[in-house]
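Q: Hey, I'm new to this one. Can you walk me through a few spots?

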Amino acid sequence: ITDPTNDFRASQMAAAALLVATVKPGSGAKFDFFLVHTLTTSHAVRILLPLLPAKYHIPLVRQWWLLTLSVYIAQLRPEILLSSVGDYDLKGRGWEWVDRRAVEGKHSLEAHFVKGLRAMKAAKATWGDEEGFYLKAAVRFGEEFDGWAFGKNSVEGAARQ
């Protein structure tokens, strides 16, 4: 870690990519229940950092990154197709749409779905979103989510296939 703030910013973007960009658009594949936790735990770390003494910041982020890498490897290292987020057509939808999807959509009672959307919105608020990556990831996730895949089924329809 050479620039802790910038490195953590990049790692939160990577966590969003792990969740959303490892599923081919329109494939009907379910999003990975284990990969959503890399995103939601990055959000938790971001919330905790200001409350902890500085000497614990880098060790905590390193431990979180090791968890993230472990989950990614355990899920058989699905390909990350960044273009599936970067090229995503928002069709005029913004954060208001994401908020409504989280609170009023058919998956509004699925806590991990809501937390995933919330973590992406919080990352955008923290780091900015000039390229619209977090918004595109959140809209795509909100639009295509239809339940979770677990374990070895998580890679069915994943980007690597």
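Q: How do the axes of H1 and H3 cross, and at roughly what angle?
A: Bear in mind that this is a predicted model. Helix H1 covers residues 4–20 and helix H3 covers residues 57–74. Their axes come within 12 Å and cross at roughly 25 degrees.

Q: Roughly parallel or roughly antiparallel, then?
A: H1 is roughly parallel to H3, because angles under 35 degrees count that way.

Q: And is the crossing of H1 and H3 left-handed or right-handed?
A: Left-handed.

Q: Which residues in H1 and H3 meet?
A: From H1 you get Pro4, Phe8, Ser11, Ala14, Ala15 and Leu18. On the H3 side they meet Ile58, Val61, Trp64, Trp65, Thr68 and Tyr72.

Q: OK, new topic: Thr38. Where is the place of Thr38?
A: Thr38 sits in helix H2, which is residues 33–48.

Q: Buried or exposed, and why?
A: Thr38 counts as buried, because its relative accessibility is 1% and the cut-off for buried is under 20%.

Q: What does Thr38 touch, leaving out residues up to four places away in sequence?
A: Thr38 touches Ala15, Leu18, Trp64, Thr68 and Val71.

Q: What about the polar atom in the side chain of Thr38, which backbone oxygen lies 2.7 Å from it?
A: That's the backbone oxygen of Leu35.

Q: And how far apart are the C-alpha atoms of Thr38 and Ser84?
A: They're separated by 19 Å, and the two residues are 46 apart along the chain.

Q: Where does Arg77 lie, and is it buried or exposed?
A: Arg77 lies in the loop between H3 and helix H4, residues 83–86. Arg77 is exposed, with a relative accessible area of 54%.

Q: What about phi of Lys91?
A: Lys91 has a positive phi too, about 50 degrees, and again is not a glycine. Lys91 is found in the loop between H4 and helix H5, the latter being 95–104.

Q: Is Lys91 buried or exposed?
A: Exposed: Lys91 has a relative accessible area of 65%, and the cut-off for exposed is over 50%.

Definitions and conventions: Residues numbered from 1 in each chain as written. Predicted model: local features only at pLDDT ≥ 70, side-chain atom pairs only at ≥ 80, totals over all residues. Heavy atoms only, no water. Axes fitted to C-alpha atoms, helices over the stretch in contact; angles between N-to-C directions. Helix = DSSP H or I, 4+ residues; strand = E, 2+ residues; numbered from the N terminus. Parallel < 35°, antiparallel > 145°, perpendicular 65-115°, else oblique. Left-handed = near helix turned anticlockwise from the far one by under 90°. Contact = heavy atoms within 4.5 Å. Buried < 20%, exposed > 50% of the residue type's maximum accessible area, 1.4 Å probe, protein only. Polar contact = N/O pair within 3.5 Å; in protein donor to acceptor, adjacent residues only side chain to side chain.
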